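I opened the notebook to look at how two chains meet and what lies inside one of them. My entries follow the order in which I looked things up.

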Amino acid sequence: MTFTRRQFLRSTAVGMTAFLLPSWLRSARAAGTDPVLVTIFQRGAADGLNTVVPTGDPFYYSSRPGIQVPPGTELPLDGFFGLNPAFVDPQGLYQAGDLCFLHAAGSPDPSRSHFDAQDFMDHAAPGNKTIVDGWLNRYLTIAGGGEPISGVSLSNATAKSLAGAAPSLAFESITGFALTGNWATERRAALDVRYGLLGGTLLGNNVLDAFEALDLVATVNTTSSVIYPNGSELGAALKDSAALIKSNIGVRVIAISIGGWDHHTNLVAQLAPLGAELSGSLKAFHDDLGADLGRTLTLVMTEFGRRIDENGGDGTDHGHGGVMMAMGGGIAGGRVIVKDGVWPGLAPADRFIGEDLQVTTDFRDVFAEALNRHMGLAVSSMGPVFPGFSASTSRFPGLYT
Amino acid sequence: VGRALPCGGLATPFAAGAAPQTSDQQGCINDVNNYGVRVAKSQNRADVDRVKNAGRGLAFRLGVPPQPQTAQACLTNDVRGRVAKDTVKLQDRETRSCLAEPGQLPGFGYSGSATAAAAARAAGLGIVAGLFGPDLDASIVLESADHDGARCQSDVLRYAGDLFYATWKEALTAKKNVLKGSARLAGSGPVASATDLEAELIAVVRWKENYNNADGFEFNATFHDQGAKTVVGVQIPPNGGIQDGLTMIDFLAHHPSTASFISRKLVIRFVAEIPPQRLVDEAAGVFLGSGGDIRAVLETILLSPEFLTSPQYRHAKVRRPLVFYAGLARAYGADPAQLNSNTLRNRVADMGEDLYDAGPPTGYPDVSAFWLSPGTAVKRFNDAEATSRGSYGFTFTYPVSGGTSAQVIDGLASYLFLAPISSETPARESDSSTCFRSRSRRSGCSRRRPSCSPAPSS
């Protein structure tokens, strides 16, 4: 077994985790075949009912007279559900079997606070405010190699889902993650010595993680022939994700966010451009991945769904059940997955606390299936990833056949 | 005397006409109003930028292609995204204050944050149209042609915006008070329309325009609840007036939880993000024993072994973005007069902590995971280097120039430590560095230089 210099220095003071997690525990997959999990968090609580429309439920139309996707304009999915036409590209992915939707999915916790519900999902611990590290971080702690490159947040700050004891990287863009300016090589050598002395400290560990990964990330080819949506931060992040994955440098999980989904007013007009951005970015990412699509699973999630009834401002307020999405070459796509094939219904008597779409698929079951069927983690090892929750194959929603 | 009159006069029509708004409903109305005004302010600030840039002929700053790069088009281009950002903040605030819980929505025709934002943007744009007419490009005075005229144009727009903003702030304060007054009025008559409310408020604002509260505190007996009440377990007798507030302040100030809370915040601030409980408890004890003497509490913290000597808490704090850049400015001896503070602010914003921009009411979190990552660490190195070359508005004089390497080291040391270093230190420094390089990776040579090897006996 070999330790990197960073692992050694990182652990010289208080941080002993690197020693507890030697790299030989890593799975022995060859480069280029490691599975990768990409998470896209729609911050603000996306409206699932106007994304994947239950056209077969008459209460959809009676509950949303002003903001409904007009009957007949939806893109047909499976006869019962239709897709909002703003999300045009995923229909192609759906038909190709590389994309599926999970409806009436979300968190069992009834919170309607964005802040709490996002934390609960990022921590995979609904209702539990004592859990403060992210589920992806706990996954890396179990299955990662202790290498910072294993987890990447494409943002300034580490994503909450990736925050925690296992090292990871956070940077806004690949091209921005480089030591620039005069005397870059000399400065780096000097800084390396200086921060080598600070191993085990907050600053030292971040610098050592950065320096270990700088050369690796610098080898990534960021050019792509695929056109991503112009000016889209999500598109840019997915473009960088594709570049990281294709370069086989050891990235296992990537966390991305896209904000702006809190449409209390003018939902139709606001959802359209975001839907186009999300769908266009997913489509470009799909095409860009090419041969690597099979080892990449992308999960799209949001903290909760929105109310069934429209409000007085042509929008919808905070609700409960929503839509998740999964994209990958290996999934059993081309389906709208509802728990046991039973749509919980929008009739007043069928609603969660009389107002909202029920959650029949717990988001943790989706996460668990992704970790098991895609990332290869045994269900029996998932205890630390899902505190207070017992993952079970019998509850897997069925992303894979 | 005159001040109390219109407020009292205002309360009467609402006693008859307005449905009382609960404190949650009031919170919603006040928040949407306050954040809406911020949108208007951003729109105005952006408009000022536009007029300036157009006056300087900087068309490229007026829009990002394919947006048209004319001043008129730019009014709605929102190039820097400030208006959009504040609109999103308004939405966030609405979500929290109006829509998170049932019962927050006001009892009259609530139009929602989008309407408020649109009105705010329109108000900002209205100022431009009022001052410059329908075609902004035709009215722009070019700085190259008439420097003072161009400056006058952007200043007038800015001050018009300030006046608008101040007027609205005043209006909202009055509205807040009215809502508070109406909240405890029993019974429900016909619902007052929002237009009525605005009309009454404008009357108050006009009257209050010249009022300037010098001490920043105002007790308004008219709207105070004079009944007996129990607040967090404290029984407050009737007719206490201003004494009610003082009673509560006393109670909270002497509550043990306050001592622990403030001590904990201070230990996090000065010692470690996961604060040592022993020190928190000791500091809280001093807080309570001294009647909340912050100097005594700080003395306890700053003279504690945790702060002074404990290796466990060494390097346990990392500068936040604002402090980092302020530190850069000071370390380089940047000339405050030359410092372009907006450039500096943009750097802080780029690191994720723009000034006065924290979403939650508790401000930016006080743990480094929220501002420190490998990516921001590299950004810091890059910015420190760029700053040393005069980027970001820093102008400074390099403290040492010329001489031998020893003279340069002495000069830098004098600059950094305010005194020359002793003749032994440079030798020791180079010796320990050698040790570090040769031994650390394999044998675990201590990460702290002094214990690495004995100093040469010279």
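Entry 1. I looked up salt bridges between chain A and chain B in this predicted model, and the count is one. The side chains that form the salt bridge belong to A:E172 and B:K379, at 2.7 Å from N to O.

Entry 2. I then looked up polar contacts. Between chain A and chain B I found ten residue pairs in polar contact, both residues at pLDDT 80 or more.

Entry 3. Which parts of chain A touch chain B? Helix 1 (5-10), helix 5 (114-122), strand 7 (169-170), helix 7 (184-196) and helix 8 (202-218) each supply at least two residues of that side. Helix 8 of chain A gives the most, with eight residues. I sorted the residues of this side of chain A into 21 nonpolar, 17 polar and eight charged.

Entry 4. I looked up the extent of the contact. Chain A brings 46 residues to the contact and chain B brings 39 residues. The two chains bury about 3,600 Å² between them, and 63% of it is on carbon and sulfur atoms. Of the area that chain A buries against chain B, 18% comes from A:N156, A:L197 and A:L202, more than from any other three residues.

Entry 5. I turned to the nonpolar cores. The largest has 77 residues, and A:F101, A:F177, A:L278, A:F285 and A:M325 touch the most other members. Helix 10 (residues 267-289) of chain A gives this core its largest share, eight residues. Leaving aside neighbours within four places in sequence, I listed the contacts of A:M325, which include A:T51, A:F87, A:F101, A:L278 and A:V300.

Methods
Residues are numbered from 1 along each chain as its sequence is written. Chains are lettered from A and ligands numbered from 1 in the order in which they are written. This is a predicted model: local features need pLDDT of at least 70, side-chain atom pairs count only at pLDDT 80 or more; totals for chains, interfaces and linings use all residues. Side-chain values use heavy atoms; hydrogens and water are left out. Contact means heavy atoms within 4.5 Å. Buried area is the accessible area (1.4 Å probe) that two parts lose on being put together, summed over both. A salt bridge is a side-chain nitrogen of Lys or Arg within 4 Å of a carboxyl oxygen of Asp or Glu. A polar contact is a pair of N or O atoms within 3.5 Å; within protein, one must be able to donate a hydrogen and the other to accept it, and residues adjacent in sequence count only if both atoms are side-chain atoms. Helices (H or I, at least four residues) and strands (E, at least two) are DSSP runs, numbered from the N terminus. Ala, Val, Leu, Ile, Met, Phe, Trp, Tyr, Cys and Pro count as nonpolar, Asp, Glu, Lys and Arg as charged, and the others, Gly among them, as polar. A nonpolar core is a set of buried Ala, Val, Leu, Ile, Met, Phe, Trp, Tyr and Cys residues joined through side-chain atoms within 4.5 Å. Buried means under 20% relative accessible area, exposed over 50%, partly exposed in between (1.4 Å probe, protein chains only).
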